[in-house]
Number of protein chains: 2
Amino acid sequence: MLKRIFPILAWGVQLNRATLGKDLMAALVVAVMLIPQAMAYAMLAGLPPQAGLYASLVPLLLYGVFGTSRTLAVGPVAVVSLMTAVAISEVSPPGSADYHLAALTLALLSGAFMVLMGLLRLGFLTQLLSHPVISAFISAAAILIAGSQVRHLLGITTTGKTLPELLPSVAANLSSTNVVTLALASAVLVFLLWSRRGLATALRRLGLAADLATLLGRSALLVAVLLSTLAVWALDLPSHGVSVVGAIPRGLPSLSRPEFSWEMLQALALPATMIALIGFVESISIAKTLAAKRRQHLDPDRELIALGAANFGAAFTGAMPVTGGLSRSMVNFDAGAQTPAAGLLTALTVALVLLFLTPLLYFLPQATLAAIIIVAVLALLDLETLRHTWRLSKADGAAMVTTFGVTLTLGVAAGLLAGVGLSVLLHLFFTTRPHIARLGQVAGTAHYRNVDRHALVTAPHVLALRVDESLYFPNVAILERRIGEDVAAQPELTDVVLVCAAINTVDASAVESLMAINQRLASSGLRFHLAEVKGPVMDRLQRSPLLQALSGQVFLCHHDAMQALAPEITATADTSPRCAHLQRTGTAPQG
Amino acid sequence: MLKRIFPILAWGVQLNRATLGKDLMAALVVAVMLIPQAMAYAMLAGLPPQAGLYASLVPLLLYGVFGTSRTLAVGPVAVVSLMTAVAISEVSPPGSADYHLAALTLALLSGAFMVLMGLLRLGFLTQLLSHPVISAFISAAAILIAGSQVRHLLGITTTGKTLPELLPSVAANLSSTNVVTLALASAVLVFLLWSRRGLATALRRLGLAADLATLLGRSALLVAVLLSTLAVWALDLPSHGVSVVGAIPRGLPSLSRPEFSWEMLQALALPATMIALIGFVESISIAKTLAAKRRQHLDPDRELIALGAANFGAAFTGAMPVTGGLSRSMVNFDAGAQTPAAGLLTALTVALVLLFLTPLLYFLPQATLAAIIIVAVLALLDLETLRHTWRLSKADGAAMVTTFGVTLTLGVAAGLLAGVGLSVLLHLFFTTRPHIARLGQVAGTAHYRNVDRHALVTAPHVLALRVDESLYFPNVAILERRIGEDVAAQPELTDVVLVCAAINTVDASAVESLMAINQRLASSGLRFHLAEVKGPVMDRLQRSPLLQALSGQVFLCHHDAMQALAPEITATADTSPRCAHLQRTGTAPQG
């Protein structure tokens with residue numbers, strides 16, 4: 001029980017020198033990526049750089065205690081940081097005293113929402129986000145994030161969080177580009193883009209051992225940070241207009257109880273919900289992939305609680321909203337992390353940096369951070385999926401295009417709501433139209449198939465319909481309509497058989513609808529029969545007045561029904577192995 | 001084509017003396033009910049009595065031209081009138097100059113929404129209203145309607161449109177009850193309640209012919225109206241504080257173009273949508289039942305257009321929102337109406353009353369109209385369904401109790417939204433949890449069943465799962481989770497087979513999910529196979545990269561898969577008639 005609540009008790013006792021060594025190695029590699037990224041994502045959210053570093057400390061410790069993933073790397077991530085920027089700048093103007101408080105409130109609320117979802121097992125809510133909607137949303141967010149960093153590359157000021165606001169703003173300020181900043185940014189950007197593929201190979205060609213080359217290849221961020229900081233300091237670039245990170249307070253974050261206000265909590269409730277959903281979906285998807293690679297167990301509900309705890313930690317240590325990140329988790333896994341101890345050691349490294357190395361970060365240029373963000377979000381941009389999805393399903397494609405377009409033009413909140421709304425509506429629309437087949441006999445056999453697809457034998461006075469979905473309120477009207485139309489069009493009908501083999505469940509609307517169909521058929525002199533009703537459906541029908549009121553019979557299998565109702569066409573049929581089997585194993589109820 | 005747009009062209013040419021005679025008889029019987037009810041529902045909506053009479057004229061003519069139901073009786077109905085009262089009193093205070101304009105705006109908007117739904121074939125939106133939600137909503141509305149009429153029975157003034165407002169208001173004003181009004185109202189109420197069952201029987205006992213007795217039994221409303229009006233006039237009851245209908249302008253309504261305002265249109269858009277949905281659902285349900293009784297055709301999309309046209313007519317003739325009514329349609333049908341000519345003749349009767357008989361209605365007491373409303377809505381109250389539904393399905397029961405409770409306490413709009421919201425959420429929740437069975441072999445046969453229910457043979461290295469629903473975004477996560485858990489728990493597994501016999505369709509999320517499952521299984525050294533994939537699903541998979549990436553095979557039937565993967569358990573099995581049959585008819589694709 002305790003091990004279920006605190007998974008650390010389960011993996012903690014298995015720690016040994018070998019796994020700890022691997023975890024430490026992975027922790028150092030992740031920290032080298034995390035420290036500049038954390039500051040960059042804090043900048044993206046409009047927060048001071050230490051907010052990102054603080055978000056890489058206590059939240060990691062808390063996730064380490066509660067998390068069930070062995071290799072997930074938690075901390076500030078790009079999309080959630082953008083959503084944070086959008087949400088809090090609507091509540092408090094950027095730069096105001098309440099701006100950071102709003103970020104902490106957002107972390108508190110999304111943490112609370114995650115814990116609540118985990119405790120109430122409401123993780124299913126995240127399933128309202130379909131893959132195409134998430135993919136389109138993240139791609140559009142990546143474009144918006146890259147767009148927001150253009151000002152740091154050019155050394156200009158821009159406004160706006162959507163493309164229609166951002167593009168004219170960039171165009172208007174293009175003439176005030178700072179050439180030194182642009183040159184520095186271009187150098188860093190080119191180096192980072194090249195190093196994504198070429199650095200490890202180049203190092204190997206220079207004669208380094210393969211392992212060391214791979215390791216150094218992962219240090220491209222560190223190299224970019226060190227070299228650009230050195231250049232800024234040595235060449236006195238701030239006097240040429242290059243913006244730097246500046247002073248970061250030395251020391252660990254103190255535990256604080258921010259003065260959360262009721263109005264701010266209300267104003268941020270919806271954005272916090274969206275951040276919790278998107279943050280969890282991103283995190284669980286990478287955690288699932290990594291757990292599967294080593295056949296490890298993962299509990300989504302406990303993951304929600306662990307991420308919620310991490311965000312609580314962020315709220316009370318002056319940090320910002322966090323979740324599991326894609327790229328750092330992959331690096332953590334590849335670098336050989338064995339247990340969540342890697343995450344704890346990463347946090348320890350961040351703590352050491354905060355205690356001793358902050359003065360070294362003073363001259364780190366913002367252009368470098370912007371380049372780091374842009375390279376990171378390029379990996380999120382996935383327009384190929386859009387093309388695939390469109391080919392696969394027009395409905396999913398439409399949801400995807402809508403999410404993408406609305407996110408780019410109207411912002412992240414509108415885009416996400418439009419995507420979810422449209423995909424739920426389309427889903428309901430398609431579930432309102434179940435596939436209904438009229439059945440006919442494969443001549444001389446006990447097999448029945450769709451008359452629209454095969455040449456089959458039918459009895460003119462018997463209408464046999466098979467519904468290929470469970471029956472519930474969004475789709476019962478179609479069945480009523482179909483039966484009504486067929487009966488109106490064929491005056492010779494005397495019997496209607498509903499073959500229920502594909503109906504796994506019925507709700508109260510379906511039962512009422514079947515009763516209405518039965519009553520309407522009876523009122524115009526037709527009998528209504530059921531065949532091949534599954535066990536759980538029969539249980540429910542037996543608790544309703546339908547079976548008493550039924551004008552016809554319940555048949556075990558459709559061939560039995562046809563033998564009773566249309567002996568003229570079934571006389572020549574061989575015995576039915578299917579019916580025989582149903583009777584032998586007794587899985588279907590007797591009518 | 002013209003006959004499709006104007007069904008009157010189809011049935012009009014079939015009119016003859018015999019059907020016209022029957023239609024006229026039905027028209028007169030309906031008019032006798034309609035005229036007092038129309039005034040009563042206008043009063044319920046807070047409108048002058050002529051608004052109800054006007055709503056029984058042009059809208060009926062328009063429905064007669066466009067409608068596809070032969071026996072539906074259109075006009076003001078109780079629930080829509082209550083919704084009208086609630087919606088317009090939030091926009092304009094009752095009694096203000098704009099109050100009636102708001103009602104006309106509401107008719108225009110709900111008419112436009114109905115026509116739009118009909119043209120775009122969006123009738124499926126009405127299926128978001130599940131039977132239990134509609135039933136609970138109408139029952140709660142009936143209680144609110146009856147409650148709102150208490151003041152007319154007692155001759156007092158009350159305020160409030162929900163029980164928590166209404167009950168204290170009635171209690172506070174109870175002491176000012178007008179005893180004469182109460183006596184008159186009680187007499188009418190008792191007479192109407194008794195006549196619902198007893199009048200026709202009593203008349204027959206008095207020696208009248210059965211037909212005539214039935215006919216006169218239906219005239220209870222007319223008798224109540226005539227006798228109470230006569231009593232008020234003869235005894236000069238207005239001087240004792242009995243409220244009467246008063247002067248109704250003589251003559252037909254003139255065609256008017258109300259000065260619709262943009263703000264009012266915006267404010268009434270949501271209530272108009274709800275009125276359109278509820279109005280259509282009520283109307284189509286009775287129309288379907290009546291059409292089925294005579295095996296007549298009914299087109300829901302054309303019905304939407306016809307009801308929309310009727311509401312347009314209401315908006316431009318100083319009337320109020322209309323729809324098809326339950327009780328009058330039943331009476332119309334029972335009285336022998338053959339064609340929509342009955343509706344046109346009903347409208348003609350109303351026109352004659354407006355032209356010549358309005359002075360006779362001056363002394364009609366409002367208490368009589370209130371009693372007519374209360375008796376009419378009693379028929380809508382259906383608490384029995386709540387009990388049945390709860391026994392059948394707790395989820396539907398919960399949606400029903402919520403709708404009922406919220407409607408009574410917070411009003412019709414909140415109740416309807418809560419009910420629809422909850423039933424859609426519950427529906428999505430249940431579709432997120434598909435039934436997944438692990439399959440085992442019925443020893444020595446080619447049949448496979450759920451291992452949790454039967455004693456079956458399984459191969460320790462093969463996991464065979466059958467999903468009993470189509471796969472789409474709300475439920476794919478459960479399949480991923482189940483496979484992940486089973487694989488983590490059973491290290492001896494080498495193969496996973498997904499039996500797709502019950503999967504009728506897959507969306508893009510499902511395809512991506514299958515690809516993720518395949519990739520995760522492959523990364524931990526397992527093969528992923530599919531079996532019994534249906535045609536439409538295979539078509540879609542073939543357009544995706546899944547089949548190329550699949551680490552295992554696609555098998556025609558599950559027994560083939562087991563023969564290939566676990567020959568040790570299938571060696572003793574007889575030949576599979578199911579597999580043989582699949583191969584013979586070739587309905588499943590070859591892997």
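Tutor: Let's start with one pair of residues: B:Ile436 has B:Val467 as its bridge partner in strand E5 of chain B. Keep in mind that this is a predicted model, where local features need pLDDT of at least 70, side-chain atom pairs count only at pLDDT 80 or more, and totals for chains, interfaces and linings use all residues. As for names, residues are numbered from 1 along each chain as its sequence is written, while chains are lettered from A and ligands numbered from 1 in the order in which they are written.

Strand E3 (residues 436–441) of chain B runs antiparallel to strand E5 (residues 462–467) of chain B, and 3 bridges join them. (Strands here are DSSP runs of E with at least two residues, helices are runs of H or I with at least four, and both are numbered from the N terminus; two strands pair if DSSP finds at least two bridges between them.) E3(B) is also joined by 3 bridges to strand E4 (residues 448–450) of chain B, again antiparallel. Within E4(B), B:Asn450 stands opposite B:Leu439. The hairpin of E3(B) and E4(B) has 6 residues between the strands, and B:Gly444 takes a positive phi near 80° there.

On to E5(B): this strand pairs with strand E6 (residues 495–499) of chain B in the parallel sense, over 5 bridges. B:Ala464, for one, has B:Val497 as its bridge partner in E6(B). Put together, chain B has an open sheet of 6 strands in the order E4-E3-E5-E6-E7-E8, with mixed pairing. E4 and strand E8 (554–555) of chain B are its edge strands, each pairing on one side only.

Next, look across to chain A. Strand E3 (residues 436–441) of chain A and strand E5 (residues 462–467) of chain A are antiparallel and share 3 bridges, and A:Arg438 has A:Leu465 as its bridge partner in E5(A). A:Leu465 also has a bridge partner in E6(A), namely A:Leu498. E5(A) and strand E6 (residues 495–499) of chain A run parallel, with 5 bridges between them. In the hairpin of E3(A) and E4(A), with 6 residues between the strands, A:Gly444 in the turn has a positive phi of about 80°. The open sheet in chain A holds 6 strands in the order E4-E3-E5-E6-E7-E8, and its pairing is mixed. E4 and strand E8 (554–555) of chain A sit at the edges with a single partner strand each, so one side of each has no neighbour in the sheet.

Where does this sheet region fall along chain A? That chain is divided into domain 1 (2–425) and domain 2 (436–585), with bounds from an automatic or database domain assignment. The centres of these two domains of chain A, taken over C-alpha atoms, are 56 Å apart.

How do the two chains relate? (The superposition is by least squares on the C-alpha atoms of residues with pLDDT of at least 70 in both copies.) The same surface serves both copies, as 98% of the contact residues of chain A recur in chain B.

That contact takes 58 residues from chain A and 57 residues from chain B, where two residues are in contact if their C-beta atoms, placed from the backbone, lie within 7 Å. H22(A) gives the largest share of the side of chain A that touches chain B, 7 residues. By class, this side has 21 nonpolar, 21 polar and 16 charged residues. (Nonpolar means Ala, Val, Leu, Ile, Met, Phe, Trp, Tyr, Cys and Pro; charged means Asp, Glu, Lys and Arg; the others, Gly among them, are polar.)

Finally, a stop at A:Val58, which lies in helix H5 (residues 58–66) of chain A. A:Val58 counts as buried because it has 26 C-beta neighbours inside 10 Å; the cut-off for buried is 20 or more other C-beta atoms within 10 Å, with 12 or fewer for exposed and partly exposed in between. Beyond its neighbours within four places in sequence, A:Val58 is in contact with A:Gly313 and A:Thr317.
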